[in-house]
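Trainee: I have a structure open on the screen and would enjoy talking it through. Could we take it one question at a time?

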Amino acid sequence: MDNVGDVLLAGPAVRAAAAGADRTVLLAGPRGAAAARLLPGVDRVLEWRAPWIDPEPGPVRAADVDALTAAVRAEAPDAALILTSFHQSPLPLALLLRLAGVPWIGAISDDYPGSLLDLRHRAPSGPPEAERMLGLAQAAGYRLPPGDDGRLAVRRPLPDATGLTGGPGYVVVHPGATAPARAVPPDLAAATVDRLTGDGCRVVVTGAPADRDLTARVAGTRAADLAGRTRLPELAAVLAGAAAVVTGNTGPGHLAAAVGAPVVSLFSPVVPASAWAPYGTRLRLLGDQGAPCRGTRARTCPVPGHPCLTSLSADDVAGAVHDLIAEGT
């Protein structure tokens, strides 16, 4: 029910459930629904904004709840797995699913669930989120099919993005994030673009429509600026053609992992990298993981100057990019 990255990390668990089901419906929030439609194994996506999860929730309205329970009842599921991040409770959604008539529900829950859950799975915080959610599916009796390595994945084929990027082999820099604390500092992103282009790399800067001022500043005159020009499938295609992707700890890092692109992750430790770093791809993790913001879950950096990332230099980032590219040749 969360953002793009959270939905992508749920992919292995979704594929395991799909392998043991006749039909798989994914209930997603509006911020993650586009990623839900990219997941292999998903037959249908229902969209609903959960007011206990969305970062900008509206008021709780009975009509909205009634619409959700009616939509779930129309699907008539035999079972539901509620996939949450380590800091979220599955119980509000479990209550609504019970009201919708779902006969069997499993979730990871530290809180006493009463009659809301048939499977109360316990999982430690800290391991990769993808493995944590897959563990729930496995506890419910669902297994990945033979040959599935459990990495993140998206549906193929992807759109042709060469009209935006040229041929493969460029470096993507994605400076933005929905939470400012997890974004790449703009000055560092711009300096990294200058350093990489000075080294002879082709650089593509990506971002959402709201990021256009940021990406224009970062791209300057030396890189291609694609902000607002890609829906999520096209962004996936852009990332798939990259020799390396530079990003903060945000959704496009997980999307890069899902298409097999190597990632330089400038990771603000407001959440643990052990759980949230790009999963199952070649990775260079940068940033002070012991900074004072560690574990705060802050959306805006609580430490003046954002030192966990501003302590990095463009040379640090470019060096990690070059290491990844050399490693892959």
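Trainee: Leaving aside neighbours within four places in sequence, which residues is Leu239 in contact with?

Mentor: Happy to start there. This is a predicted model, in which local features need pLDDT of at least 70, side-chain atom pairs count only at pLDDT 80 or more, and totals for chains, interfaces and linings use all residues. Residues are numbered from 1 along each chain as its sequence is written, and side-chain values use heavy atoms, with hydrogens and water left out. With contact taken as heavy atoms within 4.5 Å, the partners of Leu239 are Val172, Val245, Pro252, Leu255, Ala256, Val259 and Ala261.

Trainee: How many nonpolar, polar and charged residues does the contact of α10 with α11 have?

Mentor: From α10, Leu232, Leu235, Ala236 and Leu239 meet Pro252, Leu255 and Ala256 of α11. Ala, Val, Leu, Ile, Met, Phe, Trp, Tyr, Cys and Pro count as nonpolar, Asp, Glu, Lys and Arg as charged, and the others, Gly among them, as polar. The tally is therefore 7 nonpolar, no polar and no charged residues.

Trainee: Which strands stand at the edges of the open sheet, and why is one side of each left without a neighbour?

Mentor: The sheet has 3 strands in the order β3-β4-β5, with parallel pairing; two strands pair if DSSP finds at least two bridges between them. For instance, 3 bridges join β3 to β4, and Ala80 stands opposite Ile105 in β4. One side of each edge strand lacks a neighbour because each has a single partner strand, and those strands are β3 (80-82) and β5 (119-121).

Trainee: Is His306 buried or exposed?

Mentor: His306 is found in the loop between β11 and α13, and has a positive phi of about 50° although it is not a glycine. Arg297 also lies in the loop between β11 and α13, and is partly exposed at 46% relative accessible area. For His306 the relative accessible area is 12%, so this residue is buried.

Technical notes
Helices (H or I, at least four residues) and strands (E, at least two) are DSSP runs, numbered from the N terminus. Buried means under 20% relative accessible area, exposed over 50%, partly exposed in between (1.4 Å probe, protein chains only).
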